[in-house]
Amino acid sequence: MFAQRPTTRALAALTAAALLAAPAGAAQGALTHAAAPAVATPIAWAAPAPADVFTVDRAALRFPEEPGSQTPNFQAPSATSCARPVRTYVEPGGGPLQIGGAGRHARPAPAAVAMAERTVADAAAPAEALPAPPPMPAPPPSGKLAPLARGAATAPQQAGAPVTAGMVDDNADVAEYLAFRARTDVPHRPREVRGRTLLQVRDPGGRPVPDAEVAVRGSSGGAMWARTDTAGRAWIAPDAFDAGASQRYEVTVRQGVARTTGVLKRGQQSALDIVLDATAPPARARLDLVFLVDATGSMGDEIARLRATLHTIADEVARLPSRPDTCFGLVAYRDRGDAFLLRSHDFTNDLTGFQQVLDQLQADGGGDNPEAMNEALHEAVHALNWRGSGATRLMVLLADAHPHLNYGGPQYDDDMMAALGKGIKIFSVGASGLDPQGEYIQRQIAQYTGGRFVFLTYRDRNRPGSGPGTETVHDVRNYSVDTLDRLIVRLVSEELARLPAATGAQKPL
């Protein structure tokens, strides 16, 4: 069974807007007290679709438009559930890529229409079955991992060998991050984050307000959007979105019908505290976790490790005090000219089905260094059915190459900004072979969305095939090392730890 995802329907969904009424008499001073809740027009929710049809189940959500203001380049997350089989969309890699308006990829040729979405049940049919992954080769006599070449087939690896990694938080040490940027002269998409302000949203009892929507508008018309993380925080970097260099910004925060407004003055505030009369978080945490994976030939070791540890990651996340209701998604990508440009698997809570599609993912293709990261990030941010209010949305980007900067179509900086607007925090994982340009871009994405930069480590920093260790080629300081799967669990755990424990759950010893 094939279910097509028409571009026209996606475009129609993107033009639908649920506009909220603007509050009268917005506050003009820096806000430290709760404002009276404003009455908002209800958000329009997309009608449920049949289980075997892939749709973009989310509503458009825009803050009130004002003279000179812009509108978001994304739709608000609004899915209510992921209780469905795995649904897959394939973008072929042959031919020139055409980008459909408002966030959907047009199919590049009529023959490509046959490569449409299918469910896991479809993949089980003999005539349509995806090829099973080949058996893992035996380890080399030395017992070490062989080095990988960009775009080459997967090299032999040691059976069961862990993949070790370190991590840095460029938001916790922004001065070091800015110094790294200053000494790293590589092509990238510039978004200036100097002079940023930390927005902290709390309820009247002093508790952080997670997943509050934030709109920032400058007096010159520049605008940005964000959602607070589980600590109630969002970073506002005026120069990243406001070419007019406004001196004054209106910051509007809302959750449900609660709304309040404050003012940020350029260069005068390093932090802005806002109190919002918000509702309590859900009794049980909701986690949307996406793996965005470079699936070219040099990524075999990393993909194999993710396959081997998925159940471990899922089990450990499920035992966290918040007992999260977890949805898993996967977007794999290669490049033009490969068997596929991207293969997207929408959110599901069927872990067995998700493991099946991950087991079928093979590292192949590639060739030149850049890959289709732009298109894949765009797909993951805009086309997956992220759940709505109260969810924690995380993405793990695992790649060893930077995106093409000379292609038309989506660009990573636009979509990292959209990710912040949708409340998607991105953890960028630099795999073996990632060069300084790739490191710069991955750190840029993680820092802007409030995530971390994770990087693989080795016994010998100059030989990725030397096996697990503590050394890295990346320009980082003061990091500790653990296995990659443990680091992923740690990152998820730290996000969810700020939420209330589920009823009856016990704190781990």
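Me: Which residues of the largest nonpolar core touch the most other members, and what makes a set of residues a nonpolar core?

Reply: Leu199, Val251, Val253, Leu292, Tyr333, Met395 and Ile445 touch the most other members among the 64 residues of this core. The name asks for buried Ala, Val, Leu, Ile, Met, Phe, Trp, Tyr and Cys residues joined through side-chain atoms within 4.5 Å. Helix 8 (residues 412-422) gives the core its largest share, six residues. A separate, second core of 46 residues includes Phe291, Val293, Ile303 and Val489.

This is a predicted model, in which local features need pLDDT of at least 70 and side-chain atom pairs pLDDT 80 or more, while totals for chains, interfaces and linings use all residues. Residues are numbered from 1 along each chain as its sequence is written, and side-chain values use heavy atoms, with hydrogens and water left out.

Me: What is Leu199 in contact with, leaving aside its neighbours within four places in sequence?

Reply: With contact meaning heavy atoms within 4.5 Å, the partners of Leu199 are Val214, Gly232, Arg233, Ala234, Ile236, Val251, Val253, Leu272 and Ile274. Across the chain, 75% of the contacts with a separation of 6 or more are between residues 24 or more positions apart.

Me: What makes helix 5 and helix 6 roughly parallel or antiparallel?

Reply: The rule is under 35 degrees for roughly parallel, over 145 for roughly antiparallel, 65 to 115 for roughly perpendicular and oblique for the rest. Helix 5 (residues 300-318) and helix 6 (residues 351-359) pack at about 165°, with axes 10 Å apart, so the pair is roughly antiparallel. Their crossing is right-handed. Leu306, Arg307, Leu310, His311 and Ala314 of helix 5 meet Leu351, Phe354, Gln355, Leu358 and Asp359 of helix 6. These contact residues are six nonpolar, two polar and two charged.

Me: How do you know whether helix 7 and helix 8 are roughly parallel or antiparallel?

Reply: Helix 7 (residues 373-382) and helix 8 cross at roughly 20°, their axes coming within 9 Å; they are therefore roughly parallel. The crossing is left-handed. From helix 7, Asn374, Leu377, His378, Val381 and His382 meet Tyr412, Asp415, Met416, Ala418, Ala419 and Lys422 of helix 8. Here the contact residues divide into six nonpolar, three polar and two charged.

Me: Why do Arg323 and Asn478 get the accessibility labels they have?

Reply: Arg323 has 32% relative accessibility, so Arg323 counts as partly exposed. Asn478 has a relative accessible area of 79% and is therefore exposed.

Methods. Axes are lines fitted to C-alpha atoms, for helices over the stretch in contact, and angles run from 0 to 180 degrees between N-to-C directions. Helices (H or I, at least four residues) and strands (E, at least two) are DSSP runs, numbered from the N terminus. A crossing is left-handed if the near helix is turned anticlockwise from the far one by less than a right angle, and right-handed if clockwise. Ala, Val, Leu, Ile, Met, Phe, Trp, Tyr, Cys and Pro count as nonpolar, Asp, Glu, Lys and Arg as charged, and the others, Gly among them, as polar. Buried means under 20% relative accessible area, exposed over 50%, partly exposed in between (1.4 Å probe, protein chains only).
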